[in-house]
Amino acid sequence: MSTAASRLPDSKQRIPLWEDVPLGQSGPENEGCPSITPYLLEGEGPFPMMVVCPGGGYVMRADHEGEPIALWLNSIGVSAVVLNYRVSPNRHPVPLGDAQRAIRTVRSLAADWNIDPSRVGILGFSAGGHLASTAGTHFDAGQSDAEDPVERESSRPDLQVLCYPVISFGPYTHEGSKYSLLGEEPDPELVQYLSNETRVTPDTPPAFIWHTADDGAVPAENSLLFALALSREKIPYALHVFEAGRHGLGLAEEEEAVKAWPDLCATWLRERQFIQ
């Protein structure tokens with residue numbers, strides 16, 4: 001297993017998701033978006049790939065849920081890209097389109113980037129967890145006759161890792177994320193459509209989910225509802241609810257109990273044969 005990360009073109013330069021969509025729109029929060037920042041493993045592959053979606057209430061993207069996560073993934077044998085998706089004032093379906101395009105892009109670059117296109121996952125925190133679970137419940141097989149070869153690729157992730165995720169726009173939602181993504185008075189049908197516990201089907205990919213029971217921002221019921229929906233459809237999943245810990249912990253390196261989640265996740269990835 002290689003743990004050396006090579007960044008293309010480097011850790012500061014982002015790769016646009018579309019040639020015809022300019023980077024850096026609608027304010028500083030969207031500077032450099034939509035794009036991906038790659039953290040690619042060198043050595044004998046091909047390697048699995050994870051698309052990382054930092055959280056931030058759909059108004060920003062938290063730095064500690066971006067590069068540090070990509071580097072941790074590198075350390076366990078997973079190449080990664082950090083998704084610089086567009087946030088408010090952009091609304092649905094813009095962030096989802098960015099996530100789907102990122103998944104298609106890394107699959108289209110599999111040969112060049114030494115990636116296994118059948119092992120492409122998505123990982124998200126908080127609102128980024130909502131985005132990741134949306135990508136995991138709203139996907140397509142690609143458009144085989146598309147002029148753009150990237151659009152011929154599937155947008156379905158092979159698995160999803162959801163960290164204190166926003167899942168539902170129902171009673172347990174994070175109102176800030178809901179407002180930023182859908183606006184002040186969203187159509188009830190859209191609210192239901194993007195309450196991802198209602199969108200689980202037998203085709204939904206397996207999930208690793210973790211939360212803290214006393215999360216004061218995003219109630220743990222979000223993760224519980226999603227796990228229940230997966231269970232009903234007999235989709236493999238792992239759910240870890242830690243007793244205590246504030247929202248937004250990232251790698252949780254200073255939390256004695258919660259800092260176990262990366263090792264638990266790595267074990268699950270091995271059990272899924274995502275990593276060796």
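**Burial and salt bridges**

Analyst: In helix α1, which spans residues 67-75, the residues I69, A70, W72, L73 and N74 are buried. This is a predicted model, in which local features need pLDDT of at least 70 and side-chain atom pairs count only at pLDDT 80 or more, while totals for chains, interfaces and linings use all residues. Residues are numbered from 1 along each chain as its sequence is written, and side-chain values use heavy atoms, with hydrogens and water left out.

User: Why is the contact between R101 and E151 called a salt bridge?

Analyst: The term requires a side-chain nitrogen of Lys or Arg within 4 Å of a carboxyl oxygen of Asp or Glu, and the closest N and O atoms of R101 and E151 are 2.6 Å apart, so the pair qualifies. R101 lies in helix α2 (residues 94-108) and E151 in the loop between α4 (127-137) and β7 (159-163), so the pair ties together parts that are 50 residues apart in sequence.

User: How do you know whether R101 is buried or exposed?

Analyst: Buried means under 20% relative accessible area, exposed over 50%, and partly exposed in between, using a 1.4 Å probe and protein chains only. R101 has 6% relative accessibility and therefore counts as buried, whereas E151, at 23%, counts as partly exposed.

Terms used:
Helices (H or I, at least four residues) and strands (E, at least two) are DSSP runs, numbered from the N terminus.
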